[in-house]
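Subject: Structure for your files

Hello,

Here is the structure I said I would pass on. My notes on what was found in it follow below.

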Amino acid sequence: MSSRREDRLFKLGPAARHRRCAGKDAVTVPVLESVVVRSPKTFYALLMPCYSGPELEVLARKGVPKSNIWGIEKDLATFRCMRRRLGINMLHDALSSDKSIVHVASIMAEMGARFGLIYLDYFGQPHAEHVRVLRHIFLRKMLAESGILLLTFGKNRSHRYVARINQKLSTSVPVRHYVDTVLRQCRKKDPSVSPYKTLREFRYKSRQGPSEHEYVLTEVKF
Ligand SMILES: C[S@@+](CC[C@H](N)C(=O)[O-])C[C@H]1O[C@@H](n2cnc3c(N)ncnc32)[C@H](O)[C@@H]1O
């Protein structure tokens, strides 16, 4: 990887990163802090982390060992850097593909473990692929009892659309609609899939160059 690219991705020190992501961190840090970890050694998390994001720091403060944390990253250069630097289990894939979520589910099933936290910080707009991932998470019972699912989507971030109508739909349909619909479908298929206890949405804005993007963090507690 060129050093400029590495600089951009990973050498952004915590101060610079937090300056850029202050609006995001003001929302996500309290939500992450509120995750209850009763037994750190048996608490597992699936994340889309980055070098100086808050999620690893918060989980470390709660005593969760790095070996219990799985990170997924679709970009190969980013993945290699994170594997070298973060010390967690990194998987190189796009979580939106069925292959990778099924892979993660089978690792957990082999270990007889479930995730206390799944934080999918996608940043793009909600898309059919994300619906498939949610379906796997619910039907494969990847979340522990009292597990928490966090989903972030960007309202005006670009994505590839097969038709303009999809863009219209995905920018106007609230994220909670996706979660509600997928969970309802999954519970119809398998009534032992748990309903959620609470669903909350938090909005924040962040600026990247000249454009400002609006994000929705959805917190689903089971
Ligand atoms: C928003 S960043 C993570 C930021 C981090 N959570 C923080 O707060 O600093 C999202 C990361 O997930 C990766 N990503 C996005 N969509 C993905 C997908 N479908 N599968 C795997 N990785 C993905 C991106 O390449 C990026 O590195």
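**Overall fold**

Of the contacts in the protein with a separation of 6 or more, 69% are between residues 24 or more positions apart. Please keep in mind that this is a predicted model. The protein has 222 residues, and 29% of them count as buried. Its secondary structure comes to nine helices and seven strands.

Strand β4 is mostly covered, with six of its seven residues buried. Two strands that pair with β4 are worth looking at. Strand β1, residues 44-47, runs parallel to β4 and is joined to it by four bridges. In that pairing L47 is found opposite Y119 of β4. The pairing of β4 with β5 is also parallel and extends over six bridges. Here L120 stands opposite L151 in β5.

**Helix α7**

Helix α7 covers residues 128-139, which is 12 residues. From first C-alpha to last it reaches 17 Å, close to the 16 Å expected at 1.5 Å a residue. The buried residues in α7 are H130, V133, L134, I137 and F138. They lie on the same side of α7, because the arc they cover around the axis is only 130 degrees. The general rule is that an α-helix has 3.6 residues a turn, so residues three or four places apart point the same way.

Most residues other than glycine have a negative phi. Two exceptions turned up in this model, and both are described here with their surroundings.

K141 follows α7 and lies in the loop between α7 and β5. Its phi is positive, near 50 degrees, and the residue is not a glycine.

S146 is in strand β5. Its phi is near 65 degrees, again a positive value in a residue other than glycine. S146 has 13 C-beta neighbours inside 10 Å, so it counts as partly exposed; with 12 or fewer a residue would be exposed.

**L76**

L76 and D93 are 17 residues apart along the chain, and their C-alpha atoms are separated by 8.3 Å.

**Around the ligand**

There are 16 residues around the ligand. Which of them come nearest? These are M48, G53, K74, L95 and D121. By class, the shell around the ligand divides into eight nonpolar, three polar and five charged residues.

**Where to look**

If you open the model with limited time, I would start with two views. One is β4, with β1 and β5 paired to it in parallel. The other is the side of α7 that holds H130, V133, L134, I137 and F138, the buried residues of that helix.

Regards

How values were computed. Residues are numbered from 1 along each chain as its sequence is written. This is a predicted model: local features need pLDDT of at least 70, side-chain atom pairs count only at pLDDT 80 or more; totals for chains, interfaces and linings use all residues. A residue is near a molecule or strand if its C-beta atom, placed from the backbone, lies within 6 Å of it. Ala, Val, Leu, Ile, Met, Phe, Trp, Tyr, Cys and Pro count as nonpolar, Asp, Glu, Lys and Arg as charged, and the others, Gly among them, as polar. The expected span of a helix is 1.5 Å times one less than its number of residues. A residue is buried if 20 or more other C-beta atoms lie within 10 Å of its own, exposed if 12 or fewer, and partly exposed in between; C-beta atoms are placed from the backbone. The arc is that of the directions from the helix axis to the C-beta atoms. Two residues are in contact if their C-beta atoms, placed from the backbone, lie within 7 Å. Two strands pair if DSSP finds at least two bridges between them.
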